[in-house]
Amino acid sequence: MSNERALALGLPGSLDPLPVARPAARDPVFSQPLVAVPDLLGLSTAGDGTAALAARPADTVIETLLAAAHIGLALFDRDLNYRLWNNCLEEIFDAPADAVLGRAVDADKGLNQLPDLIAELRRIHELGERTPIEREYPLPGSQLQWVRVKLAPVFAIDGRFDGVLLTCERIDRERFAQNSLGALRQALESVGEMVFEIDGQGLVLDANDAARQRLGYERDSLVGMSLAQIDTGLATDTTGGGFGLLYEQLQVRGSYQGDTRYKTRFGAEFAVETVLQRVQHDGREFILLLARDVGVRKKAESDLTESAERFRALFDESPVAALLLDSEFRLIGINRAACQTLGYDVDELLGRDPETLLHADDRASHRQARAEMQSGAIESESAERRFMHRDGRVVWTKLSMRAIASESGLRHVLLVLENFTDRKIFEEQLQVALRDQQTLFETMSVGVAQTMSSKILLANREFAEMFGYSDGEVIGMPLWDLCIDRHHRAPNEVSGMPVVRANQTTSGEVVLFRRDGEPVWCLVQARPIQSEEPGLEALREAIYTFQNVSESKRHREALSRSLHELKDQGEELQSALAQQQLIFDTALVGLLFVRDGRPVRANSAMEDLLACEPGALVSQMQLFSHPTDQLLLASLSEHFTRIHDTGVTEFELHMFRRKGAPIWVAVQGRAVNSERPELGYIFAFVNVDERKRSERELRATLSELQLIFDNALVAVLYVANDLIVKANAATEQLFGYDARDWDELQISSLFAAASDWDDIRELPLAEAETGDDAGAVPEAMSDASVDPDVDAEPKTKVPDGGVSFERRMRRADGTTFWCAGYGRPIDPTAPDRGVILTLVDVDARRRSEEELRRVRNYLDLVVENLPVLVSVREAESGRFVSLNRAGETMTGLTRDQVIGRTWGEIYARQFADLYLELDRKALSSGTQVDRPRDVMLRADGKRLTINQRVVPLFESEPGRSGAAGDSNARYVMSISMTCPKRCAQKRHCAKPRRGFVSSQRISINWCSS
């Protein structure tokens, strides 16, 4: 074996020196070290034996290890080519090493007998898996021989994928089954389900405690019992096969699963699911039966299904219009009656707010009722509401709302609309008609009676007098009492009443009898009072008219009645034509009547749509004479065929006008008579140009937002319900996840500590700060210094309702880094809609800040331990801000006595002025000022000879060098050190100067601590 091959296995080559022990490389995600080949073989690399082994040629060592290993070993390089194949694998797969080494993993020899294993290797290679994997595979051509394969990915020092180490060993399935049989029996005995052991004739050999307790038998009574005595399905089998047929299926397939019913010792039956398994071992046959009681579950499923189907059927087929809203008052369910009432399809209404369908004057009151429901009210009082039909007309309804709890815990709201548009529209007309009817009723010269179920509800005076009754006596009397010949005055005549038929008036000449028994020939007419609902109930109420006629005036009365009816019909026809003409002319939508491909009539609203002069289209001479009108007719003619086939069509048209730009209109075309389309078509036009423009602008805005989201340079995520709904490309680069993985990730998994996300959510994202305190950081967070050992930065609420934070985040490979984030809700009034998070990698800045803090701490430690006096003062105020330990020793003053005070508050005026002058000189010149062999008076009265240096400290602004002479010097630093002994001797000789200094009034203003 070559040296390169030995090095690839992690073993020393024949020419390599003794290897130096190195720490095992650890996976950044998993804490277990990567295992080397010698460790897998159980050989230690420590001690004298390792040195001796390393001194031997690499080929001999490798060959010895491979020959001694009792398991199969194989090694693949980073391209999944064979690099190692030992003797054990040659025996298992009948493939010599020379035919395998150097070839790809899917070569003709080697592991190609196990295609599932090759697929697993390729998956590890493609995904870079780091977790070892263990699998079991059957050897080809044998059902009893299996192998257990372990796959351990190998990675280089730089973290790159470097191959896969494979170990393989045989496993004996029969020995495994023997060892597991005892454990299986113990588990079946203690399991909560019913378990039986039966023989080939269907007799019970044994049963666990759960089966005995559920069936009510003792062990002695149950053993030997036939399964048919328990299983009612086998007992009632009409095919005659019984358990024998079931046993044949077990012999063929080995297992059986089904549903049946079991009977207890007391005769009670319950539903069960059964699973039978046939096992042969050591020449013996075992049949295990597992039975699970599913009676309660079956009943619950049946009740739930029946309840859901019943509700859906009642909702969809209800004749009353009903709308189902979610917790946000958006339409999620519309029945057929509601679609007919409002004129929309279901797809057009789903997701809309019902407030958009209301009349503008009714929306305020609807909002109040809606607020009451959202605040917890169960139902609202019925109120009259006006809805706008799709064709623009007003639909009067009686609206009631009721809250319904859903499975998710959210409240749904059911809206019930009772349509009484017709009653509302014709209410005044009805009142007028009722007054007219009452007047006519009382003044008619014929008898009139109104009946309900053949009983008289109302009758006029003429009717009572005709049959010999006084006013009011006929009320409640059955109408058929007039047909009874109590005194046998007309035994040869057949009496009766005209049959009441729906939608028509029936009449007949019948003989009726007065109260005194006298027969009266009457011409009786029966007319049903039509109800809004068709059916048999509509025939129960009717109006009867009675005329006492004789043979001489029968024809004259009949002729007069016919003329009267013709006159009424003519008036009704004229009224209907006038009403239709008025509706056509005053309609708010544009109407156009087309016949034989030519326009016949148009209303004033159509003139407005086409930008015509008032009255230009009404005149037949100028109707559609403009070229743009001809384009409109050509567009309408394309839909004549569809109207002819279906009777109606709807479409949108970009219509040219006589003046101004074209507009979009919604057009609905109908045939005047669906059975005779050649009579003409009515087209209704509605201006939808503003809606079309809004849709275009909305699409453009959405495209622009999507482009910004996808191409943002910072990571942007859309989070809803703690799940990542969408992430841009920058987010995928930042965290290293594949685009397909985002749909399954929770936002908390991106944080190094999952609790960080819960901590961020404690600050309400939906509540924006207002007033003077907006954006203020809490007092506990106001300190600019942050402990570098703390992994969580404080979160801060900002004025726009968002929150900013810095947290440790986790990449896909397990590494953590510092990230600055900003979150803001999409809709502050609806937090459930989600949050937009922007994230920026600030790990480098954090490391720089921590390094800066460490350097500053180090410098502070150095200054504190310097043997010279170091003090710092503010340039503007002259107050001390620091004094090191050597300064306390030299001055005899503590830090508390110095820091925060000026020269004048510590020393007498002579010394204070001298030191202030040194500070001003250093600040004005921008350079250091040296004062050698100066005299300093200590707090205890002793004098020291010191060399003093005053240095200005500058604070550079961005873009400035901070050189001497800048006007932004912030501090002044003094460095003082005692003179050597020879300086002290010279000072001893200078008595006149010392005497002069002593004669000065040098004092120290002592400051209490």
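Buried means under 20% relative accessible area, exposed over 50%, and partly exposed in between, using a 1.4 Å probe and protein chains only. The model is predicted: local features need pLDDT of at least 70, side-chain atom pairs count only at pLDDT 80 or more, and totals for chains, interfaces and linings use all residues. Residues are numbered from 1 along each chain as its sequence is written, and side-chain values use heavy atoms, with hydrogens and water left out.

**View 1. G660 in its loop.** G660 sits in the loop between β23 (648-655) and β24 (663-671). Strands (E, at least two residues) and helices (H or I, at least four) are DSSP runs, numbered from the N terminus. G660 counts as exposed because its relative accessibility is 64%. L610 is 50 residues from G660 along the chain, and the two C-alpha atoms are separated by 9.3 Å.

**View 2. The whole chain.** The chain has 32 helices and 36 strands. Of its 1009 residues, 35% are buried. The accessible surface comes to about 60,300 Å², and 52% of it belongs to carbon and sulfur atoms. Such areas come from the Shrake-Rupley method with a 1.4 Å probe; for residues, only the protein chains shown count as cover. A contact means heavy atoms within 4.5 Å. Among contacts between residues at least 6 apart in sequence, 44% join residues at least 24 apart.

**View 3. The largest nonpolar core.** A nonpolar core is a set of buried Ala, Val, Leu, Ile, Met, Phe, Trp, Tyr and Cys residues joined through side-chain atoms within 4.5 Å. The largest one here has 30 residues. F76, W85, F93, L111 and L166 have the most contacts inside it. Two or more residues come from each of β1 (72-76), β2 (82-85), α5 (87-93), α6 (115-127), β3 (133-138), β4 (145-155) and β5 (161-172). Leaving aside residues up to four places away in sequence, L111 touches F76, Y82, W85, F93, L117, I118, L121 and L166. In soluble globular proteins, nonpolar side chains tend to be buried together.

**View 4. A five-stranded open sheet.** The strand order is β17-β16-β20-β19-β18, with antiparallel pairing. Two strands pair if DSSP finds at least two bridges between them. β17 (455-459) and β18 (506-513) are the edge strands, each pairing on one side only. Neighbouring strands are turned by 35 degrees against each other on average, direction ignored. Axes are lines fitted to C-alpha atoms, for helices over the stretch in contact, and angles run from 0 to 180 degrees between N-to-C directions. Seven bridges hold the antiparallel pair of β19 (residues 519-528) and β20 (residues 541-548). C522 stands opposite N548 in β20.

**View 5. Strand β36 and its partners.** Strand β36 (residues 969-978) runs antiparallel to β32 (residues 869-874), and six bridges join them. V872 has M973 of β36 as its bridge partner. Nine bridges join β36 to β35 (residues 943-954), again antiparallel. Here L953 stands opposite Y971. S976 also belongs to β36. S976 counts as buried because its relative accessibility is 3%. Beyond residues up to four places away in sequence, S976 touches V868, L869, M890, I946, N947 and Q948.

**View 6. The D293–R214 salt bridge.** A salt bridge is a side-chain nitrogen of Lys or Arg within 4 Å of a carboxyl oxygen of Asp or Glu. The structure holds 49 of them. D293 and R214 meet at 3.0 Å, N to O. This pair links distant parts of the chain, 79 residues apart: D293 lies in strand β10 (residues 284-293) and R214 in helix α8 (residues 209-215). D293 is partly exposed at 37% relative accessibility. R214 is partly exposed at 34%.

**View 7. Further charged pairs.** In the salt bridge of E269 with R261, the closest N and O atoms are 3.4 Å apart. E269 is partly exposed, with a relative accessible area of 43%, and R261 is partly exposed at 37%. R386 forms a salt bridge with D361, the closest N and O atoms being 4.0 Å apart. R386 lies in strand β13 (residues 383-388), whereas D361 lies 25 residues away in the loop between α14 (346-349) and α15 (363-374). D361 is exposed, with a relative accessible area of 55%.
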